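Hello,

Here is the structure I promised to pass on to you. Please have a look at it first, and then read my notes below.

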Amino acid sequence: MNLEEYKGVFVFAQQVDNEISSIAYELLGKARELAESLDNKEVTAVLIGSDVKNLTDSLAEYGADKVIVVDDPELKDYRTEPYAHALASVINEFKPEIVLVGATAIGRDLGPTVSARVATGLTADCTVLEIGDFPLVAIPNQEQKHNQLLMTRPAFGGNTIATIACPNNRPQMATVRPGVMQKIEPKKGAKAEIVEFNPGFTPNNRYVTIKEVVKAVSDTVDIMDAKILVSGGRGVGSPENFKILEDLAEVLGGTVSCSRAVVDSGWKPKDLQVGQTGKTVRPNVYFAIGISGAIQHVAGMEESDLIIAINKDEDAPIFDVADYGIVGDLNKIVPQLTADIKAAIANK
Amino acid sequence: MKVVVCIKQVPDTKGGVSFNPDGTLNRAAMLAIMNPDDKAGLEAALRLKDEYGAEVTVLTMGLPKATDVLREAIAMGADKGILVTDRVLGGADTWATSTTIAGALRNLEYDLIITGRQAIDGDTAQVGPQIAEHLGLPVISYAQKIEVEGNKVRVQRQYDDRYHVLEAEMPCLITALSELNEPRYMTPGGIFDACAAEITTWGRADLKDVDDSNLGLKGSPTKIAKASDKVKKGAGTKVTPDSPEEAAQYITDRLLEKHII
Amino acid sequence: MDFTLSKEHEMARQLFSDFAQNEVKPLAQEVDETETFPRETVEKMARYGFLGIPVPKEYGGQGCDALTYAMCVEELSKVCGTTGVIVSAHTSLCVDPILTYGTEEQKQKYLPDLASGKKLGAFGLTEPGAGTDAQGQQTKAVLDEATNEWVLNGSKCFITNGKEADVYIVIAVTGKVEKRGKMMKEISAFIVEKGTPGFTFGTKENKMGIRGSSTYELIFTDCRIPAGNLLGAKGKGFNIAMHTLDGGRIGIAAQALGLAEGALETTIAYVKERKQFGRSIGAFQNTQFVLADLATKVEAAKLLVYKAAMKKAEFAENPKTSYSVEAAMAKLAAAEIAMEVTTKCVQLHGGYGYIREYDVERMMRDAKITEIYEGTSEVQRMVISAALLK
């Protein structure tokens, strides 16, 4: 493998139902940044689907210099095989230095298949991507390679972090966790060079048949599975007042939970109780609203990634475990917060 | 019908993680368990055994200690266990691991290969699809329901906001989600049988059609540049805003910063 | 001598522990509070063979040893004393006597369903006037030669798995015999099936602990059972009952051990978290020393229980051996240690320990019965001292 032949940063521009997924723009934002540190500064989006040619402009606006379009009726809904064939063929034909794929339910299927097909390494679910040296620090009698893609990812359920390189194979491939990379400010009217490419699709044993597509409606979530929990305590004041917590949970796509005091008062059922005699939770974000933070409660939520506490008592023990503690009146802050978040999401 | 389930022994991260005094991960203090997604895959296979009399073989790659998960699988109802172990296979990334397992699978007859979607230590979700690629099999990942009809499998394949019902011809490879089912427990009698069962052990020499350059640490395209344990978070910030608006703004900014919204 | 568990036993413990934590623990409080027999748990245990652990595979059992069985009761009792005693009464008091004394026909008829948990077993010895003193038995069985049936009359009380069981071992008087110049009651054992006409249930007991277990009075009124349901030889009922209780005591000892371990584990977790005077109560030497004493006693109980189980396993291979004294010692020690450990664990919990929501409160109530049933601690002392002074 002549590594020098491989040039440019490619992004798999995921689309679902002919709508570009947000992750594609995020990856383009990152690709732009990475390309600035490389000799070849070209950013290419690879757009795969059926009747997707009209989607290229937005990719240009978000930073693609070039868009390779693989458009074929076989590619209507995502299936591993025709998509893997499409992307692997693009890689073999255009020889990119770096290929970024979103760590979505599609990308985490496509990425491994393609990397195995083009015989290169793949780093999963990255949260940081940089260009740098490998090894990081020069080691005697070992070549230190420059301009390598350094891919950082959490492992062990987020307990450890590893930085990985792919020094001897090309392309360097990564799947990237959605929501982590920054999109650029879109440049209205930007145009990209469009390259149409069709490697030909002949169904074989590896093509599966889609019998049905069912768009799911989510049911109520177990608080132990929830990514965001909006938890209320006695300070919420009444069962009716939990409405403001439910509204906040809704805009965040989260779930409401509560402390023991709330269950004891009969405001909420036991299966929503967090704490020593309730459930132990580890969401990405835990809002402790009107919860004083008795040790029995804290034992059930202290492992949460991010804890935000709102309490009017500035000495409440919940502030000892909160990443962000806000001293104030929850009745006023929570509805305001819901409105602000709604606005922030709308602006995105 | 013959089903091979690929399983992995992993440290249990659920009950929290234990650290050595020097800050590195204390693997010895953590319970070694069968990876949860793999266990769901095994349960799916055992249901095919219950329903169609499928023969279920479990295969793992790891240190000799990994026979524990093979015995657990047999105690749950699997028919036989194969351990792939060899010093030259150590330090493998997902490419080298999938190459190794594919090399072992070439020795076996199968209609269906089931792997877990991902292991809780690495969280990569790569090995399953990569095995399918090496073996030239159709792959259906993220399976939340599996049915067999004649020589076809019908699978509910999960996506973020939907699922597809997919049909593939066997042989094929499926990666299972832990949501797929509630795995059964072992039985006491099964445990006694499993401890008496013969575990097949394969080394490098038993791998079929595999090049040395694709195995172990040397055969791994990805290299670790740096590994560190996540820093335990220190004390947080407490603020007393002047108004509810200011408070809400403060929280919203933090959520934006952290890409939560 | 080797104190290391075999691989089999280690895996079995993991299984029982996982099952107990996932399936039994979440229900323990409710089972106690509402006095509900945990039928669904029993069905789950049946599915995984927990109701036929020491039964040979040829009778549909798991083919494991007495230690595996004891560990099952222990792990279940760590989280729920009720669930532990259901398995113990079924296995030790019903399955075991059929396995030991049943004819091949009786074994074929009853063991597969009992071992698979399709049917649940119970044992009726105690009567209002006959607990420890078996000679006080009033329940009579008379053979009706015309129909070749035994006719049972009388009642049994405090019967575990009372109304929930399907197969009962019932002890009854079948006549009088002369022993050392004295007229003694001749006692025999029978297998009685639920639904037999004349077999009904009396009062349900409202208990201090193990509140989810079904404790009932069994009433026999001209209850006719086939002659073939005599278990063992006529007149051997006393021996069968005593030998059955020897085995039962290992089950109860394992239950007591589990309760003690469960309380201790819960308390260790609690004292690490509970803060008083600015530090966790586990940092106080009083707490540390109490825990050290309790842990030592629990370990001692465990060794006695496991030794008794091993002796019973030995008996299964060689019926000439006896495990009567080992079983009595194990039960005596484990029960009294369970009572002490749970009481002190409640104390370490302070006010919370007295509240229903905290598991140690229930464990303390559950522990008390282990000093009483299947032979009180005083009876165990009688058994042990009789062997010493023989």
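Of the 261 residues in chain B, 54% are buried (a residue is buried if 20 or more other C-beta atoms lie within 10 Å of its own, exposed if 12 or fewer, and partly exposed in between, with C-beta atoms placed from the backbone). Before going on, please note that this is a predicted model, where local features need pLDDT of at least 70, side-chain atom pairs count only at pLDDT 80 or more, and totals for chains, interfaces and linings use all residues. Residues are numbered from 1 along each chain as its sequence is written, while chains are lettered from A and ligands numbered from 1 in the order in which they are written.

The C-alpha atoms of chain B fill a box of roughly 70 × 45 × 40 Å along the principal axes. Its secondary structure comes to 6 helices and 13 strands (DSSP runs numbered from the N terminus: helices are H or I with at least four residues, strands are E with at least two). Among contacts in chain B between residues at least 6 apart in sequence, 71% join residues at least 24 apart; two residues are in contact if their C-beta atoms, placed from the backbone, lie within 7 Å.

An open sheet of 10 strands runs in the order 13(A)-9(B)-8(B)-7(B)-10(B)-6(B)-1(B)-4(B)-5(B)-11(B), with mixed pairing (two strands pair if DSSP finds at least two bridges between them). Strand 13 of chain A and strand 11 (199-202) of chain B stand at the edges with a single partner strand each, so one side of each has no neighbour in the sheet. On average, neighbouring strands of this sheet are turned by 30° against each other, direction ignored (axes are lines fitted to C-alpha atoms, for helices over the stretch in contact, and angles run from 0 to 180 degrees between N-to-C directions).

Within chain B, strand 7 (residues 139-149) pairs with strand 8 in the antiparallel sense over 6 bridges, and Lys145(B) has Gln156(B) as its bridge partner there. Strand 8 (residues 152-158) of chain B is in turn antiparallel to strand 9 of chain B, over 7 bridges. A hairpin of 3 residues joins strand 8 of chain B to strand 9 of chain B, and Gln158(B) stands opposite Tyr163(B) in strand 9. Helix 2 (residues 67-76) of chain B lies across strand 1 (2-7), strand 4 (55-61), strand 5 (80-84) and strand 11 of chain B, at about 165° to strand 5.

Where does chain A come in? Strand 13 (residues 209-215) of chain A pairs with strand 9 (residues 162-169) of chain B, antiparallel and over 6 bridges; Thr209(A) has Glu167(B) as its bridge partner. Strand 10 (residues 160-165) of chain A also runs antiparallel to strand 12 (residues 223-229) of chain B, joined by 6 bridges, with Ile161(A) opposite Ser228(B). The contact takes 74 residues from chain A and 69 residues from chain B. On the side of chain A that touches chain B, helix 8 (residues 330-347) of chain A gives the largest share, 8 residues. The residues of that side divide into 38 nonpolar, 20 polar and 16 charged (Ala, Val, Leu, Ile, Met, Phe, Trp, Tyr, Cys and Pro count as nonpolar, Asp, Glu, Lys and Arg as charged, and the others, Gly among them, as polar).

Best wishes
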